[in-house]
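Take a look at the protein below. This report covers its pockets and its salt bridges.

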Amino acid sequence: MKSEPDEVSIDDALVAPGGVVPWTGVRNYQARNFMRDAMRVGDGVLFYHSSCAEPGIAGLAEVASTPYPDPTQFDPASKYHDPKSSRENPRWLLVDVRATRKTRLMPLAEMRSHPDLADMQILKRGNRLSITPVSPSEWRCIIDCISIS
């Protein structure tokens, strides 16, 4: 799950009450569908910092809730407001994410250097999704690389 650190960083998440932050602002249908259809409470999350000086994995987290409507879509003052969405038929969902640990930064360049990560969706040319699935073998490779067990 990608987040811009000036919006929500791993440090911000770790100091949030219970380490839990709502993953607001997802406005891509495919990313929304990954949250809605594939994520389950307790699933591991790679907390990835994007749109910053050095993008990369900055921490670990877990899915802390089932999907529910993202309230920012209803707020006209929010940059994530969607005037076509209604409370009766919301377009956008979120899950709560519980930060569990800050790790050493694993930069994008380092991720690209690992043959075991060659097929990782976030590394595919043109990928702009903020949420992508990670295979069990990709997860193990990253955990081994950041020396977290």
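## The second largest pocket

Strand 3 gives the largest share of the lining of the second largest pocket, with four residues. Keep in mind that this is a predicted model. Helix 2 (29-38), strand 3 (44-49) and helix 4 (136-145) each supply at least two residues of that lining.

The second largest pocket holds about 360 Å³ of space. Its lining has 22 residues, and Met39, Gly44, Thr132, Pro133 and Val134 lie nearest the centre. By type, the lining divides into 16 nonpolar, four polar and two charged residues.

## The largest pocket

About 690 Å³ of space lies in the largest pocket. It is lined by 30 residues, and the closest to its centre are Lys2, Glu4, Ser50, Arg128 and Ser130. Strand 1 (2-3), strand 2 (20-22) and helix 3 (108-113) are the elements that give two or more residues to this lining.

The lining of the largest pocket splits into 13 nonpolar, nine polar and eight charged residues.

## Salt bridges

The model has seven salt bridges. One of them joins the side chains of Asp11 and Lys102, at 3.1 Å from N to O. Asp11 sits in helix 1 (residues 10-15) and Lys102 in strand 7 (residues 96-107), so this pair ties together parts 91 residues apart in sequence.

Glu62 pairs with Arg98, with the closest N and O atoms 2.9 Å apart. Glu62 lies in strand 4 (residues 56-63) and Arg98 in strand 7, so the pair links parts 36 residues apart in sequence. Glu62 is partly exposed at 25% relative accessibility, and Arg98 is partly exposed at 30%.

How values were computed:
Residues numbered from 1 in each chain as written. Predicted model: local features only at pLDDT ≥ 70, side-chain atom pairs only at ≥ 80, totals over all residues. Heavy atoms only, no water. 1 Å grid on protein atoms, 1.4 Å probe; cavity = no way out; pocket = protein on both sides within 12 Å on 5 of 7 lines; lining within 4 Å. Points joined across faces, edges and corners; volume = space filled by probe spheres on them. Nonpolar A, V, L, I, M, F, W, Y, C, P; charged D, E, K, R; others polar. Salt bridge = Lys/Arg side-chain N within 4 Å of Asp/Glu carboxyl O. Buried < 20%, exposed > 50% of the residue type's maximum accessible area, 1.4 Å probe, protein only.
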